[in-house]
Amino acid sequence: MKAHEELFFLVKNNRELLRNLLPREDADRVMSDVDACLSLGPDEGAVRLRRLLQRYKPVRKWLEEELYGESERLRSQLPGYPKVPLLRYVCPCRECGYEKLFSQAPDPLPLCPEHEEPLVIAEEKGLGRECA
Ligand SMILES: [Zn+2]
């Protein structure tokens, strides 16, 4: 999800929480502005929401935390969260299913333990070739 969409849906799904972060005397007015922004959809709405909510320090802090802070750090520790894109290297031999994952291009290229062929990046294997 793009950052502005994240902001938009965060606000949309947490209206009550947001209201509690606002100064009591402003809450009603700001929430009606918030609803007006939400009705514009994620693209335009998010830009206006950001401008509107930045004025309130507790809200700004909450948004920063949710979007970029602690929660992001915690999310990144969940199993299955992609940390760095992994590169998949495979044996070039047609029949061989050997593969190995790297977070950056290996140098030198490792060999397939069975065929002793240097591995190729998975997208380049195509059909593979005949190997002894
Ligand atoms: Zn192999």
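Start by selecting Leu111. Setting aside neighbours within four places in sequence, Leu111 is in contact with Glu116, Glu117 and Pro118; two residues are in contact here if their C-beta atoms, placed from the backbone, lie within 7 Å. Before going further, keep in mind that this is a predicted model, where local features need pLDDT of at least 70, side-chain atom pairs count only at pLDDT 80 or more, and totals for chains, interfaces and linings use all residues. Residue numbers start from 1 along each chain, as its sequence is written.

**The loop between β2 and β3**

Leu111 sits in the loop between β2 and β3. Helices (H or I, at least four residues) and strands (E, at least two) are DSSP runs, numbered from the N terminus. Is Leu111 buried, partly exposed or exposed? Leu111 counts as partly exposed, because it has 13 C-beta neighbours inside 10 Å. The cut-offs: a residue is buried if 20 or more other C-beta atoms lie within 10 Å of its own, exposed if 12 or fewer, and partly exposed in between, with C-beta atoms placed from the backbone.

Next, pick one of Leu111's contacts, Glu116. Glu116 is in the loop between β2 and β3 too, and has a positive phi of about 55° although it is not a glycine. Glu116 is exposed, with 10 other C-beta atoms within 10 Å.

Then select Asp107 and Pro108. A cis peptide bond joins this pair, with omega about 0°. Pro108 is in the loop between β2 (99-102) and β3 (120-121).

**After β3**

Go on to Arg129, in the segment after β3. Arg129 counts as exposed, as it has 10 C-beta neighbours inside 10 Å. Which residues does Arg129 contact, leaving aside its neighbours within four places in sequence? They are Pro92, Cys93 and Arg94. Select Cys91 as well: 38 residues separate Arg129 and Cys91 in sequence, but C-alpha to C-alpha they are 9.7 Å apart in space.

**The whole chain**

Zoom out now. The protein chain has six helices and three strands, and from the N terminus on they run α-α-α-α-α-α-β-β-β. Of the 132 residues in the protein chain, 13% are buried. Among contacts between residues at least 6 apart in sequence, 49% join residues at least 24 apart.

**The core**

Select Leu7, Phe8, Val11, Leu18, Val34, Cys37, Ala46, Leu49, Leu53, Val59, Trp62 and Leu63: these 12 residues form the largest nonpolar core. Such a core is a set of buried Ala, Val, Leu, Ile, Met, Phe, Trp, Tyr and Cys residues joined through C-beta atoms within 7 Å. At least two residues of this core come from each of α1 (3-13), α3 (24-38), α4 (42-53) and α5 (57-68). In soluble globular proteins, nonpolar side chains tend to be buried together.

**Helices against helices**

Show α1 with α4. They pack at an angle of about 75°, with their axes 8 Å apart. Axes are lines fitted to C-alpha atoms, for helices over the stretch in contact, and angles run from 0 to 180 degrees between N-to-C directions. So α1 is roughly perpendicular to α4; angles under 35 degrees count as roughly parallel, over 145 as roughly antiparallel, 65 to 115 as roughly perpendicular and the rest as oblique. Residues making this contact include Leu7, Phe8 and Val11 of α1 and Ala46 and Leu49 of α4.

The axes of α3 and α4 come within 8 Å and cross at roughly 160°, so α3 is roughly antiparallel to α4. Val30, Asp33, Val34, Cys37 and Leu38 of α3 meet Gly45, Arg48, Leu49 and Leu52 of α4.

Stay on α3 and click Val30, where the helix bends by about 25°; the bend is the angle between axes fitted to the seven residues ending there and the seven starting there.

**Last stops**

Select Leu17 in α2 (residues 15-21). Leu17 is partly exposed, with 13 other C-beta atoms within 10 Å.

Finish at Lys61 in α5, which is exposed, with 12 other C-beta atoms within 10 Å.
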